[in-house]
Amino acid sequence: MATLSAELAARALECAPSSETLWHLNLGVFGLFQRSHEALSGYVDLAGFQLFGIAVPIFALACAGLVTRSRLPLAVSTQFAAGYAGFLLMSWQSPAPRTTQAALGWIAVPAGEGFYMMAGILGMTLLSCVISHLLYLSPVQTDA
């Protein structure tokens, strides 16, 4: 849903480039997706690739698992979702000069709405992984 919202906000900004609200949404709320688009554009430069090439296939795999009542596609989709969330987190990190001392000062954390967006995505992905793993492994524990 977040990826879809980010794509819709980007398309709306193209239609109304003078809207302050859309600029705030794109830079403040969905800045995480802009940075990940920049990171991906070196490899795949297709408009909407994060939505149609990553998020929709993960969602379709989860839906297929729910419709067929199969736990494996659901578990695999949560693993892909965790990988995508990790990629979003890593794309937020800006390159920093190398230092010889041990410090965590180079780890970039978004402020404001960007932080809440990233925390929400990571939190929901973690919850989804825990639930899918419990559902996937529960028959194994009862059979043993």
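This is a predicted model: local features need pLDDT of at least 70, side-chain atom pairs count only at pLDDT 80 or more; totals for chains, interfaces and linings use all residues.

User: Why is N26 called buried?

Analyst: The relative accessibility of N26 is 3%. Buried means under 20% relative accessible area, and N26 therefore counts as buried.

User: What makes the pair formed by the side chain of N26 and the backbone oxygen of A9 a polar contact?

Analyst: A polar atom of the N26 side chain lies 3.2 Å from the backbone oxygen of A9. The cut-off for such a pair of N or O atoms is within 3.5 Å, and one atom must be able to donate a hydrogen while the other accepts it. The distance of 3.2 Å falls within that cut-off.

User: Which residues does N26 touch, leaving aside those up to four places away in sequence?

Analyst: N26 touches A6, A9, A10, L13, G31 and Q34. Contact here means heavy atoms within 4.5 Å.

User: How do you know what pattern the chain as a whole follows?

Analyst: The chain has six helices and zero strands, and along the sequence this reads α-α-α-α-α-α. Of its 144 residues, 28% are buried. Among contacts between residues at least 6 apart in sequence, 62% join residues at least 24 apart. The chain exposes about 9700 Å², with carbon and sulfur atoms supplying 69% of that area.

User: What is known about the largest pocket and its lining?

Analyst: The largest pocket holds about 860 Å³ of space. Its lining comprises 28 residues, and M1, A2, I58, F59 and A81 lie nearest its centre. The elements that each give two or more residues to this lining are helix 1 (2-15), helix 4 (49-67), helix 5 (71-92) and helix 6 (113-143). By class, the lining has 22 nonpolar, six polar and no charged residues.

User: Where does the lining of the second largest pocket come from?

Analyst: The second largest pocket holds about 290 Å³ of space. Of the 14 residues lining this pocket, A6, E7, A10, Q34 and H37 are the closest to its centre. Helix 1 and helix 3 (31-41) each give two or more residues to the lining, and the largest share, six residues, comes from helix 1.

User: How are the residues in the lining of the second largest pocket divided by class?

Analyst: That lining divides into six nonpolar, five polar and three charged residues.

Note on methods. Residues are numbered from 1 along each chain as its sequence is written. Side-chain values use heavy atoms; hydrogens and water are left out. Buried means under 20% relative accessible area, exposed over 50%, partly exposed in between (1.4 Å probe, protein chains only). Helices (H or I, at least four residues) and strands (E, at least two) are DSSP runs, numbered from the N terminus. Accessible areas come from the Shrake-Rupley method with a 1.4 Å probe; for residues, only the protein chains shown count as cover. On a 1 Å grid over the protein atoms alone, a cavity is a set of points where a 1.4 Å probe fits but cannot get out, and a pocket is an open set with protein on both sides within 12 Å along at least five of seven lines; lining residues have an atom within 4 Å of a point. Grid points are joined across faces, edges and corners, and a volume is the space filled by probe spheres set on the points. Ala, Val, Leu, Ile, Met, Phe, Trp, Tyr, Cys and Pro count as nonpolar, Asp, Glu, Lys and Arg as charged, and the others, Gly among them, as polar.
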